[in-house]
Amino acid sequence: MRPKPATLAGLVVTLAVAAAIALIPFALSNYHRSTGADVAVFFVAILALNIVTGYTGQISIGHGAFMAIGGYATAILTHDHGWNDIATLPIAAICGFIAGVIVGVPALRFQGVYLALTTFAVALAVPQLAKNYSHLTGGTEGLALPTHTGMWLYGVGWAVAAVMFAIAWLLLRGRTGRAFRAVRDSEIAAASSGVTLAVYKTVSFGISAGMAAVAGSVYVLVNNFVNPDVFGLTLSLYILIGAVVGGLGSLWGVLAGACFIQLLPIALTTGSVGSSQSVPVVFGAVVIGVMALLPLGAANLLRVALHFGSQWRQHSDTPLGTEGR
Amino acid sequence: MTKRMKAALVLAVLAVAAAAVSAAFAASARTPGVTAKTITIGGTFPLTGPAALYGVIPKAEAAYFKYVNSKGGVHGRKIIFKYYDDGYNPANTVPLTKKLVEQDHVFADYGSLGTAPNLAIRGYLNKAKVPHVLVATGDSYWATQAKVYPWTIGFQPDYPGESRVYGQFIRNKVPQAKIGILMQDDAYGKNYYDGLIQGLGPAASKVVDVEKYDATQTDVSSQIVKLKAAGANVVAIFALPTQTITALVVITKIGWHPTAFINNVSASPLFMALAQKSGANVDGDISATYLQDTINNPKTAAAILYKSILKKYDPGADPNDANNLYGVASAWTLVKALEDSGKTPTRSSFMSALTHMNWKNPFLYPGLKMLTTPKERFPIDQQILEQYKSGAWHPFGHVFSKAR
């Protein structure tokens, strides 16, 4: 790849953000650290959705279900089998990957709204399964897990997020990422250029679901509780909203999207301005505003800042990380 | 970047160690949430979402605290009540509870509503030794698991205790009973089912059929038809409000006339009126209560006080909504516990007061007592049966005590 000025700028920004994320918890209270860990959870979840929806162009409104799979894997292994919390994360990723590949199969035949509905069904079905197999999952009463300090949660949450970000970056910058984007932009063109649609679509779903499952695991560790209500339909919708607000097809917008869906509802629910009733209204207004004014999401703001408005329209050949759709 | 984050993780681990050490030294003598002039408590409630119907409860509780504050508070301290909307979703309850404890520094988590939300925060609050009290749910864990979770205590009669009363009544008063049971297929339904079977004792053989439904299923007609076909003349409905209303309507539509028992949390006058509007004949149905009957006896001192508090501090609240009365009765209990916790309450003295109740709560049904010991932690253990007649519930018979 030909180096571009934005690559250097991107690297500087990456390091600056990473340093900020690493240093912030020392200035925070225990409560805000665990809120920060929640942001890390949604960072990973939105990142996961971005791989399949933003980069490969396959719509999913079922990512809450993949989070549920990871969350239950962690909860069951630690609660019933005495596993170490961290050791459950790879297992969660594998379970999520398998589930994602299975869901990816219909994606070979369905497109657009039909695929969206299929994943929607998954989002509805998985919590029901958890209710049904209550001897394993604790049913509606759920499973309670040991508590951790805010610092532990923040450290684990963002370490996981960093690993996932690195995986996503390595995956998307090279051959695989190009194939994903080719599938997104034109399946016929991609197939005629030698991209095997079946492989790339299912792999994309698998990797995305595996990451979402890891996000679900950390979510359960942060909440130290799991039951089917935790992974309801709203969770899937929140992740999609976060991805849209942050910018589909952009790795940078993920952070903005995660902050938006995690911090805004808490601020409105517990703050002196607004109330919990206003959360849906604010969400709706922001999504409409973003769609109208910044169709590429918050990430596009960064692009504008980085390029000083000079090249921002040529997003088709801008380097990865500031990519738009 | 990964390296950087790993370094951050190492730093984070070191910081945890440092924080733990400093916390050990900083064990403060002052009780969180208590100042010379105020005492701060907090809880989580569904102001929005599927259970928003219960959102009136914290407002009624806040109204009672305002009333107490207007009389000088408790031992000269005004009560500050912070409550947040968790939408009945435990994923929201956890961060909001952490905020209450760690940012708002509440003295106790009070009255938080819902079984799953409370199960989600129980471990955290007990580890932090924060009182988790008068939770608004009728499962029996709050009392039966007190050894593991000593900082948690409930309020209302537990579900098995309630259905034991139905069982005892059927055993003694309905000798020719053939019992059919409609129950939700989860812990909620099972709690009721187990209690009923215990209460029936030897009469448990009179159960002719048990039909289950999944909580997400709202149409229970086929179950009702099967119960009728099994020849039942008594039907016990252990369901959520929607399914209960459907069941009552279907029973009338298929020309069946059993004696119906309806669990307390689905027997609100509001739901009975809805069933009636949809064509159900609900006269003669039986349920149980533990609160004052402010509808039939509006002239008692408690009823007058209750209505005046709502009118002044929670205008717009419907005094006939049983949830408001529930809130005021619960808030009375919290205030009484604070009074009994000594001039300078601590979290331990507060828990001690809650586990040594011997109180007459004016908002409970006359004659009922709140009784607890460190080993017997069901605050309300008595209730009375009630029958629905001409648009209202009418308590009858004697108070069932120590139903367990």
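Let's start where the two chains meet: chain B puts 37 residues into the contact and chain A puts in 41. Keep in mind that this is a predicted model. On the side of chain B that touches chain A, the elements giving two or more residues are helix 1 (2–25), strand 2 (78–85), helix 3 (90–102) and helix 4 (115–127) of chain B. Helix 1 of chain B gives the most, with 12 residues. Sort the residues on this side of chain B by class and you get 22 nonpolar, six polar and nine charged.

Now stay with chain B and look at how it is divided. Domain 1 covers 38–157 + 297–372, while domain 2 covers 159–289 + 386–400. The C-alpha centres of these two domains of chain B are 29 Å apart. Where they touch, domain 1 of chain B brings 10 residues and domain 2 of chain B brings 12 residues. The domain 1 side of that contact has four nonpolar, four polar and two charged residues.

Over in chain A, there's a helix pair to look at. Helix 2 (residues 30–55) and helix 10 (residues 197–223) of chain A pack with their axes 8 Å apart, at an angle of about 170 degrees. Angles over 145 count as roughly antiparallel, so helix 2 of chain A is roughly antiparallel to helix 10 of chain A. From helix 2 of chain A, the contact residues include A:Val41, A:Val44 and A:Leu47, and from helix 10 of chain A they include A:Met211, A:Val214 and A:Val218. By class, the residues of this helix contact come out as 19 nonpolar, three polar and one charged. A:Asp38 of helix 2 of chain A is also among the contact residues.

Technical notes:
Residues are numbered from 1 along each chain as its sequence is written. Chains are lettered from A and ligands numbered from 1 in the order in which they are written. This is a predicted model: local features need pLDDT of at least 70, side-chain atom pairs count only at pLDDT 80 or more; totals for chains, interfaces and linings use all residues. Domain bounds come from an automatic or database domain assignment. Two residues are in contact if their C-beta atoms, placed from the backbone, lie within 7 Å. Ala, Val, Leu, Ile, Met, Phe, Trp, Tyr, Cys and Pro count as nonpolar, Asp, Glu, Lys and Arg as charged, and the others, Gly among them, as polar. Axes are lines fitted to C-alpha atoms, for helices over the stretch in contact, and angles run from 0 to 180 degrees between N-to-C directions. Helices (H or I, at least four residues) and strands (E, at least two) are DSSP runs, numbered from the N terminus. Angles under 35 degrees count as roughly parallel, over 145 as roughly antiparallel, 65 to 115 as roughly perpendicular and the rest as oblique.
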